Amino acid sequence: MEYVDYLKKQPADKDAIIVNGDCYTYGMLYARVQEERKHLPQVEKKHLYPICERKILQQLILFLACAGTNLIPVIVPVDTKLELTSPLFDTPVPERAVMAVMTSGTTGIPKILFRSFESWADFFPVQNEIFGVDGDSRLFVQGSLSFTGNLNLYMAQFAAGGTLIAEDAFLPRKWEQVMERERANGIYLIPTKLLMLPRVFKGTNPNIKTIISGSQSLGKKDADELKKIFTNTEITLYYGASELNYITYVKSRDMTEKRNLIGKPFPGVQVFIQDDEMYVDNAFHVENITVPYSLKDSGCMDEQGNFYFLGRTDDIVGVRGRKVSMMKIENALEEVEGITEAAVILLPKGKGIDEPAEIVSAFVTVEGAGIPKNLRQQLKQKLADFELPKRVIVVSKLPKNASGKVDKVKLRQRWLE
């Protein structure tokens, strides 16, 4: 099997993907893929084939067109500073690999990760059942396929025989009409995009039955706001990683005020804590890693077997001899009325790049009246004195990487400039 074979398995006249209002059936999409394949370069041995396209449809067609060839597709973020002739794209391809993803996480250093077909495809039935995805699904999605979460959900949707409703542009005010016009019954967006919807949607939508989200924090308060708009929905928040696929999940009915709750492991996945680090053992990981595998994420588990994400181990820093979690501070800030998003990093106390002393600094975006004057008092209810940010900077927006996460490397660089 190859991913392109999913297109042949479905009725040719069934909607496969609606992009920016243009509909492509499974038959039409398969024909476009076959035509594109004729123009691909011929290579004798497996070799990485970087795809750097701005439009989602072209990313998808090129990715699927590589199936069954020696070209191993990797969709590259369009804002990458890497040249397509970079030595990174000469990385040797493992024998079982049929695709690759490029990820930089929060470090800013690109990595190429290779996957076999089975490492995703064999897990599709499990994840689709938990996410509420089937042949009747009409899932609204937005964003580049260079984000592994998007690419995975696309392939899983095709495996189920459902329909994708995709938008290239980030225009939340437009999405309400798109969802209604295209009869969407599901949504997949990361929390920062998802939580914009209650602020811009004017009406309610009882047709959305499932909302899937991941990569960032989401709590009961957030879920309740979403359910005021999507009155008949079930929300599933997952914790996963490009290296390991899906790890844990929690349903909205089980969410609590703790926004870092990430739930219980997916079926077939084992998770355990060792020295405050989360280790994962599953059969659905990338090539050339051994399991149990640590993502260098810090976590803990309660008596009920629920896991809590405490942040990347390099996001936990020492302040006055105590450990401080940047994620904990970010969650506390985002629970303050008026603050829409927060990112916390260590920055020099002074403006100079050679300033030796560093302090906990918070960048926030705001709406309405902005930051309340009693911000410090509100934060003291959730944070110890030594966890309180020493500097709070209001910005119009936070820089994001291809996955929609805050790019803290870029944020630091901008401040130092």
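Predicted model: local features only at pLDDT ≥ 70, side-chain atom pairs only at ≥ 80, totals over all residues.
I then looked up the whole sheet, which is open, has 3 strands in the order β20-β21-β22, and shows mixed pairing. Its edge strands are β20 (339-348) and β22 (391-394), each of which pairs on one side only. From one strand to the next, the twist averages 25°.

Next I asked which helices lie against this sheet. Helix α11, residues 326-334, lies across β20 and β21 and runs at about 145° to β20. Helix α13, residues 408-416, packs on the sheet as well, touching β20, β21 and β22, and its direction makes about 65° with that of β20.

I then checked how far α11 is covered, and found that 7 of its 9 residues are buried, so this helix is largely enclosed by the rest of the structure. The buried residues of α11 are Met326, Met327, Ile329, Glu330, Asn331, Ala332 and Leu333.

I turned to strand β4, residues 71-75, where 5 of the 5 residues are buried, so β4 too is largely enclosed by the rest of the structure. In a regular strand, side chains alternate between the two faces of the sheet. In β4, I see Leu71, Pro73 and Ile75 pointing one way and Ile72 and Val74 the other way, all of them buried.

What does β4 pair with? Strand β3, residues 47-51, runs parallel to β4 and is joined to it by 5 bridges, with His47 standing opposite Leu71. Strand β5, residues 99-103, also runs parallel to β4, here through 2 bridges, and the bridge partner of Ile75 in β5 is Val101. I also recorded that β3, α3 and β4 make a right-handed β-α-β unit.

Last, I looked up the nonpolar cores. The largest has 71 residues, and those with the most contacts inside it are Tyr3, Tyr154, Met155 and Phe158. Helix α3, residues 56-65, supplies the largest share of this core, 8 residues.

Key. Residues numbered from 1 in each chain as written. Heavy atoms only, no water. Pairing = 2+ DSSP bridges. Helix = DSSP H or I, 4+ residues; strand = E, 2+ residues; numbered from the N terminus. Axes fitted to C-alpha atoms, helices over the stretch in contact; angles between N-to-C directions. Contact = heavy atoms within 4.5 Å. Core = buried A, V, L, I, M, F, W, Y, C linked by side-chain atoms within 4.5 Å. Buried < 20%, exposed > 50% of the residue type's maximum accessible area, 1.4 Å probe, protein only. Right-handed = clockwise from strand over helix to strand, strands pointing away.
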